[in-house]
Amino acid sequence: MEIGILGLPQSGKSTLFEIMTGIKSREMHGEQFVRGIAPVPDRRFDRLVEIYQPAKITPAKVPFVDVNASGEKAWNAVRQNMGSADGFIHIIDGFTTGHVGEIAEQYRKLTDDLILADLIMVENRMERIRKVPRKSMKPLETLQLELMPKIHGHLEQGRVIRELQFTEDEWKSLRSFSFWTIRPELIVVNVGEDHLRDFDAVGEEIPAGSPVVVISCQVESEIMGLSEAEQREFLSSLDIAEPAYQKIIRQSFLLLGCMSYFTVGEDEVKAWVVPEGVKAPQAAGVIHKDFERGFIKAEVVGYEDFMNCGGSMVQAKAAGKIRLEGKEYVVQDGDIISFRFNV
Ligand SMILES: Nc1nc2c(ncn2[C@@H]2O[C@H](COP(=O)(O)OP(=O)(O)OP(=O)(O)O)[C@@H](O)[C@H]2O)c(=O)[nH]1
Ligand SMILES: [Mg+2]
């Protein structure tokens with residue numbers, strides 16, 4: 001699973017990538033794309049680390065990809081390297097203009113390119129399916145034959161595929177295409193320092209239905225060199241509670257449909273990444289396949305319950321807050337879990 005960083009040339013893609021992952025892709029000459037991993041900021045995780053003071057800490061992580069090519073080569077590089085991205089950050093240059101209308105226009109420009117790329121994919125597919133004799137059509141192809149004109153018409157109106165509603169079967173039939181505008185996106189507006197607070201309206205100006213985060217990459221990359229305390233002081237002088245890049249990482253994590261549960265102890269506090277709606281045995285399987293195969297029970301306490309019991313397992317147990325859950329339990333974000341299994 002990974003998030004691709006998309007944006008027009010010189011919009012701040014590599015600057016954002018560096019802030020989030022610490023990797024300077026601009027210095028990696030000759031590499032068309034660069035992968036980096038960002039830890040997901042999570043206050044709950046930090047609190048658990050304070051409580052357990054473990055030897056090892058492992059936060060949840062999100063992988064990002066930055067394309068390192070310009071001009072004509074850029075779009076080819078994007079096509080080659082982002083076909084498998086599960087979602088995108090679409091970053092927009094808001095620092096050379098202070099005008100919200102122009103920002104919306106820039107958003108439109110790249111989105112139109114992506115819509116066009118999707119249109120071509122749909123047209124190719126339609127042409128191919130139409131050559132298949134009706135009788136020998138597989139159910140998947142029949143479904144695609146029905147769907148493609150609908151998607152085509154929608155794209156032709158300059159609209160993105162993710163706005164459309166699909167049934168589960170329809171989703172399955174579309175999965176193999178990696179359409180650009182079907183995958184979720186997070187819009188990031190990269191503004192100049194003076195405009196940090198003027199852009200609350202930007203979300204309304206970009207009627208995309210996608211989440212929007214405003215950041216000044218310049219400011220945030222400058223404060224990376226400061227100590228944590230200095231960073232906090234600087235941000236509070238600008239009336240900012242948290243650096244925006246942290247919000248961007250968290251939103252990217254949500255974009256992937258992920259959540260985390262925790263395992264805790266003096267040896268390690270770890271956030272495990274699972275898809276939303278996962279059941280206990282599959283969640284255990286992320287730790288080890290044997291945990292899933294030999295799953296017996298999950299001992300679960302919700303993060304809030306745990307903290308309300310003074311951050312103590314003994315107290316949580318005494319208060320009856322530790323539940324024994326079975327195979328059908330749907331894991332909740334922030335659950336603290338210990339699995340019982342038999343191998
Ligand atoms: N003033 C200002 N300049 C910025 C900001 N973010 C990035 N820049 C500058 O814009 C230029 C491009 O930044 P990059 O992060 O390399 O942009 P990019 O989208 O990766 O560029 P390409 O990969 O060449 O398409 C650099 O000179 C940055 O210093 C910002 O928030 N404010
Ligand atoms: Mg770049």
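Colleague: Which helices each supply at least two residues of the shell around ligand 1?
Modeller: They are α1 (13-21) and α8 (217-223). This is a predicted model, where local features need pLDDT of at least 70 and side-chain atom pairs count only at pLDDT 80 or more, while totals for chains, interfaces and linings use all residues. Residues are numbered from 1 along each chain as its sequence is written, with chains lettered from A and ligands numbered from 1 in the order in which they are written.

Colleague: Which helix gives the most to that shell?
Modeller: α1 does, with three residues. The shell divides into three nonpolar, eleven polar and two charged residues. Asp, Glu, Lys and Arg count as charged; Ala, Val, Leu, Ile, Met, Phe, Trp, Tyr, Cys and Pro as nonpolar; the others, Gly among them, as polar.

Colleague: What makes its span agree with expectation?
Modeller: The expected span is 1.5 Å times one less than the number of residues. For α5 that gives 26 Å, and its end C-alpha atoms are 26 Å apart, so the two agree.

Colleague: Where does α5 kink?
Modeller: At Leu-147, shortly before Pro-149, by about 30 degrees. The bend is the angle between axes fitted to the seven residues ending there and the seven starting there.

Colleague: Which residues of α5 are buried?
Modeller: Gln-144, Leu-147, Met-148, Ile-151 and Leu-155. Buried means that 20 or more other C-beta atoms, placed from the backbone, lie within 10 Å of the residue's own.

Technical notes. Helix = DSSP H or I, 4+ residues; strand = E, 2+ residues; numbered from the N terminus. Buried ≥ 20, exposed ≤ 12 C-beta atoms within 10 Å, placed from the backbone.
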